[in-house]
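This report describes selected features of a structure, with attention to one strand and its surroundings. The sequence and structure are shown below.

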Amino acid sequence: MSRVRSAMAMAVIAVAALPMGTAHAVPQTKPTLAEKLVERVTLDGVNRHLLAWQRIADRNGGHRADPSPGFTKTQEYIESTLRTAGFEVSSHEFTYDRVVIDKSVVVAGPVSLAPNPLIGSPDTAVGGVTGPLAVVPADADSGCQATDYAGLNTVGAVALVKRGGCAYTQKMLVAEGLGAIAVVFYNHSVGAVGGVVDAAQARIPSAMLGSADGAKLTGSSGVSTNVEVRRHVEATTSRNVIGQTRTGRKDNVILLGTHSDSVTTSPGVNDNGSNAAATLELARKLGGSPRVNNAVRFAFWGADVPHSGAAPYLNSLSDEQRLDLAMYLDVAPLGSPNGGHFVFDGDNSAGQAGAMPHGSAQIEKTLVDFMTSIGVQTEPAPVVGQGNYATFIAAGIPTGGPFAGIPHIKTPAQAAKWGGTAGLAFDPCNLAPCDNLGNINRDILSRNADALAFVTGTYAMSTEDVNGIPPRDRRAATRVAKSLTPATVAGENA
Amino acid sequence: MRASRLGVAAAVIATVAVIPAAITPAAQAERGTLADRLVRSVTIEGINHHLTALQAIADRNGGSRDDPSPGLQESFAYVEGQVRAAGFDVSVQEFTYDRRVIDAATVTVGSTTVVPIRMGGSPFTPVGGVTGPLKVVPIDATTGCEVTDYVDAAGSVALIRRGGCPFTIKAKSAAQAGAVAALIYNNSPGPARGDLDPTQVTIPVAGVSGEDGAVLIALAGGSATVDLRDHDEPTLSHNLIAQTRSGRTDNVIVAGAHLDSSPDSPGMNENASGVSAQLELALRMGSHPKVENAVRFAWWGGTGDSAGSDDYLASLTTGQKLDIALYLAVEAIGSSNGGYFVYDGDNSTGTVGPMPYGSGQIEQAFAGYLNGVGIPTEETNIGQARGEYSFFIAEGIPSGGTYTGLQFLKTEAQAAKWGGTAGVAYHQCYDARCDTLGNLNLGILDRNADAIAHVTGVYATSTDDIDGRAQRAAHRTAGAHAVAAPVTRE
């Protein structure tokens, strides 16, 4: 974007000014593909796709969830845009087990609430389970340890636990260990509710309420509380939309992937509208036949995030086809209204991502260096909240990407460096009807879209730092060198 | 919605009163905005010039400007000539629509015949009509809404006063009581037109004007023959589109007014008022204004039943529809006994359903302007369900506008705050011959034209509040700051 170019121009000037006497000798270097893409991918261009998502949702019951007419329209828009831009467009169909909620209630005396069951937690029988409510005192890590329940009657109880401080699975296990029959979590901030517990360890039903609903129960300690959670699985067909450049090596492909759906309760303009919009606009501006060394493939995954079409896609590829993938750039929501600048922790420096495929650290560095060049501080993200990338990491494919943050609470330190409001979730409207065109921080989106453009442009030219494959001109030079000096094999090391 | 707006208006007034010094520099800066310049330059004299021209066109063409007619052609030529002379990028879209042609619309009792309007969704009568004794349903608050309202009605033509329940309920109750046809007469002067649920209505149903209702009541007991038949005829029509030659063409502000009158009416309020206000706004803005976003003015052909905007939108690609930032409806804004209504964009009335994102902001822009000049407003759901406006909503395009009322009666409370006469329709000459120049309330028209000029000027400058598309220069500046100190927006 234009202001980024001015920042880069200033950087060039600074470089030029440093070595005395060489200023006039600095050639007018042509901008690199990465720089050109940063320039071409404009906020206006990205915003136009956000507009399309909003209008599609407005015309189709307020959402774009898969499966629904709104999602179909979203995919048609993406396909048509990719085709117009000259991409080779294909469609990959798959079937997944969609979870349909039959009933999900928490009833405590006169209060009846509808929680969101945690993924991986067991269902109740018809009629649910009933016990006195054990309200765990709220602190920064409520219910993470058994001592938090001191003085509470927990045997046969329904535990009410505030979010935060440790994993849902840990809180659930602590409650179960004390004899609780169900756990009801409530959010620590306005924003989306929902989460995952480890299905292998989950033996009691767990469901989650919003912060306002949670507040309706915190005064009901001891009140007989019924929790009923029942779901069933429905085999559902969806598809991934794939667009690939007609140019570049097909055996060293840069793959970008994003979701483009919303949940049924939201138009999803930030989640997953902002990431889909930035990815689509980048594809448009790259074009179907760019001068690149490596082909670029854009994947718009079908199904909802927990059942991402990424896994079925990767499963559909042969080993050779997987080796053709130089890397996976996962594009998570980029425009969170109270967001920040996270970069996937490719070198596991924060110690939470676990061992990462070789090359992931370099992807992280490329993104961080770009952000640093435009004066933006980043933080490593152990998870980017999307779930697509795990499949690629498991397959040993170098993985990275930018992210603006979604459910977690912005810390005072983050607010100091990124602006925004400390103590509030990065996207307070996540999964809610208010995730609309007004729910976008366009400065954050603009910078994240620039970062995505930069990293894509960089690796479309050379993935040498990630996997050792040099750019074409260097390969050509090497070939020429080899043909000229057939005797000096050692020249290959040059 | 309304309460909060009034609250805001009150707060502004309080601020002005307490610290006038603080507001002065801002007010001075305001004077320089495009919106304020347009409000100043769009005058009632300028609008009246076009109204006079359109009245003269009706006068020399049999008293109306309906589609299709020589009066409409002349109206089209007048507006087209004006915008072409002003240098706009003008295009004419030709389309064909199904025009309803009336074969029979009569109620005959003895030697007296009145002309009803068949309600949309009502079945036709056979040729020659249906005949039965004319029975007047006793008047109460819910006349003819319950089957028990009808006494000895089998085989009769039921004459029912408007009001108290939907037309479909009256029609169903009349049919259950055995009536062979139902006539619903207006509870105020002027015609009664409406729509029925065709799946529930089994007998012919027509609306009768308040005046004709009185005529028929006097003939109660006589043998009445109701003949209602019409057919659709493919009809050629045109939309006139004029766009500024400046401003971005991928974020266009569209304002639209339907050009036609109803048959047998010069249509000065409905809709020469909108046509003229919009034309004057276009001429004062000019074809090369200094705007961020291009402005496109549309004058729709077709009729109220088959609006030209539907055909226009159908002719656009997905990308061309995305190029439209928003739609402003300019319809019926000079009602003689009118009020100040703003289209409900945020569904705060609960009667319009979910509206495209941005419509609430447009509503606020209109209400904010009118409230700011001391005029209380009310919300209306008129237009959301049918007419030119509805097709933009159906496309997900943010929409809004003002409206001064048509057939409904002004309440005491409305007369108290807006002036005018309580208990009388906002627009007494609705679709009638008397909808002439003399029927207009020029004060109301002037203020509505100002509101449209203001809102058009605001959005021609930036649509940031509805779709995030800021004025480019402003965003560049904000962006430049943002690099130095990340995150300037919350």
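Which residue stands opposite Phe300(A) in S10(A)? In this predicted model, Thr258(A) is the residue facing Phe300(A) of S10(A).

## Pairing of strand S10 in chain A

Strand S9 of chain A spans residues 249-259 and pairs with S10(A) in the parallel sense, over seven bridges. The position of Thr258(A) opposite Phe300(A) in S10(A) was given above.

Strand S8 of chain A, residues 224-244, also pairs with S10(A), here in the antiparallel sense and over four bridges. Gly243(A) stands opposite Phe298(A) of S10(A).

Helix H7 of chain A comprises residues 273-286. Together with S9(A) and S10(A), helix H7(A) makes a right-handed β-α-β unit.

## Burial of strand S10

Strand S10 of chain A covers residues 294-301 and is mostly covered, with eight of its eight residues buried. Asn294(A), Val296(A), Phe298(A) and Phe300(A) point one way from S10(A). Ala295(A), Arg297(A), Ala299(A) and Trp301(A) point the other way. The residues of both sets are buried, Arg297(A) and Asn294(A) among them.

## Overview of chain B

Chain B contains 16 helices and 14 strands. Of its 490 residues, 52% count as buried.

Among the contacts in chain B with a separation of 6 or more, 77% are accounted for by residues 24 or more positions apart.

Technical notes
Residues are numbered from 1 along each chain as its sequence is written. Chains are lettered from A and ligands numbered from 1 in the order in which they are written. This is a predicted model: local features need pLDDT of at least 70, side-chain atom pairs count only at pLDDT 80 or more; totals for chains, interfaces and linings use all residues. A residue is buried if 20 or more other C-beta atoms lie within 10 Å of its own, exposed if 12 or fewer, and partly exposed in between; C-beta atoms are placed from the backbone. Helices (H or I, at least four residues) and strands (E, at least two) are DSSP runs, numbered from the N terminus. Two strands pair if DSSP finds at least two bridges between them. A crossover is right-handed if, with the strands pointing away from the viewer, the path from the first strand over the helix to the second runs clockwise. Two residues are in contact if their C-beta atoms, placed from the backbone, lie within 7 Å.
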